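Hello,

Please find the structure below. My notes on it come after.

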Amino acid sequence: MTTTASDERRSQILDAATRVFAEKGFASTTMDDVASAIGYTKPVIYDHFQGKDALYTEIIRTTADRMMRLLRDAVERQSEPRKKVEAAFQVYFELVVTESDAFRVLFLQAGSTERNVQLRAVEVDMVSFIEPMLPTSLDANHKRELAGGVVGMAEGAAVVWLVRRERTNEVGTVADAHLLAKRIATLAWGGLRAVQPK
């Protein structure tokens, strides 16, 4: 697929909006802020997005789509259940660390009911992704609840890391992501091994 100048401009606007939302928060960000951050006029921004809500929605959609694609690719390369879990956590935390502005927008800047609904949709996709990796001996409700718990652990660890980074201005590295992935994968795997069908 060929990238057009319009596609490239749209991508630049999304990148700038992500940075501004992450820094100022959704409520405090204006379309003037986004235009200023990228050096475009507001009409250029409006040529691509109807407004601030449309920008936010697109940030969530593109971040979630990229994350799910990378998760699927990483897990498909593994054959053992534990390796699948570890690979998924590694991809997830690498994205949190390397694309932390997008994840700050997802987890720290949500506010309105509409934006919370969008975030819940991303979480449901992640739960559906995790479910097939859980033991087949469990009934469907049990598997879905446990998948929700695994997603919650990952999100909780990501939020703690993002808040610490925000407070200390530390720069995240891939090594940070791998350490987070190892810690949470060990916790998740230890818990999953103890699960019994009930």
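Predicted model: local features only at pLDDT ≥ 70, side-chain atom pairs only at ≥ 80, totals over all residues.

Residues are numbered from 1 along each chain as its sequence is written, and side-chain values use heavy atoms, with hydrogens and water left out.

Helix packing

Two packed helices are described by the angle between their axes and the distance between the axes. Axes are lines fitted to C-alpha atoms, for helices over the stretch in contact, and angles run from 0 to 180 degrees between N-to-C directions. Helices are DSSP runs (H or I, at least four residues), numbered from the N terminus.

Start with helix α6 (residues 100–108), which packs with helix α1 (residues 5–24) at an angle of about 55 degrees, the axes being 8 Å apart. The two are therefore oblique to each other; angles under 35 degrees count as roughly parallel, over 145 as roughly antiparallel, 65 to 115 as roughly perpendicular and the rest as oblique. The crossing of α1 and α6 is left-handed (the near helix is turned anticlockwise from the far one by less than a right angle; clockwise would be right-handed). On the α1 side the contact (heavy atoms within 4.5 Å) involves Thr18, Arg19, Phe21, Ala22 and Glu23, which meet Asp101, Ala102, Arg104 and Val105 of α6. By class, the residues of this contact of α1 with α6 are 4 nonpolar, 1 polar and 4 charged. Here Ala, Val, Leu, Ile, Met, Phe, Trp, Tyr, Cys and Pro count as nonpolar, Asp, Glu, Lys and Arg as charged, and the others, Gly among them, as polar.

Helix α5 (residues 81–98) also crosses α6, at roughly 100 degrees, and their axes come within 5 Å. α5 and α6 are therefore roughly perpendicular to each other. Tyr92, Leu95, Val96, Val97 and Thr98 of α5 make this contact with Ser100, Phe103 and Phe107 of α6. The contact of α5 with α6 has 6 nonpolar, 2 polar and no charged residues.

How much of α6 is buried (under 20% relative accessible area; exposed is over 50%, partly exposed in between, with a 1.4 Å probe and protein chains only)? In α6, 7 of the 9 residues are buried, so the helix is largely enclosed by the rest of the structure. Among them are Phe103, Val105 and Leu106.

Helices α8 (residues 140–168) and α9 (residues 174–193) pack at about 150 degrees, with axes 11 Å apart. They are therefore roughly antiparallel, and their crossing is right-handed. The contact of α8 with α9 has 11 nonpolar, no polar and 1 charged residues.

Aromatic rings

The whole structure holds 6 aromatic pairs. Rings of Phe, Tyr and Trp (its six-membered ring) pair if their centres lie within 6.5 Å; planes under 30 degrees apart count as stacked, over 60 as edge-to-face and the rest as tilted. Phe21 and Phe26 have ring centres 5.5 Å apart and planes at 35 degrees, so this pair is tilted. Both Phe21 and Phe26 are buried. For Tyr92 and Phe93 the centres are 5.1 Å apart and the planes at 80 degrees, so the pair is edge-to-face.

One residue pair

Asp7 lies in helix α1 and is partly exposed, with a relative accessible area of 36%. Asp7 and His48 are 41 residues apart in sequence and 9.3 Å apart in space, C-alpha to C-alpha.

Regards
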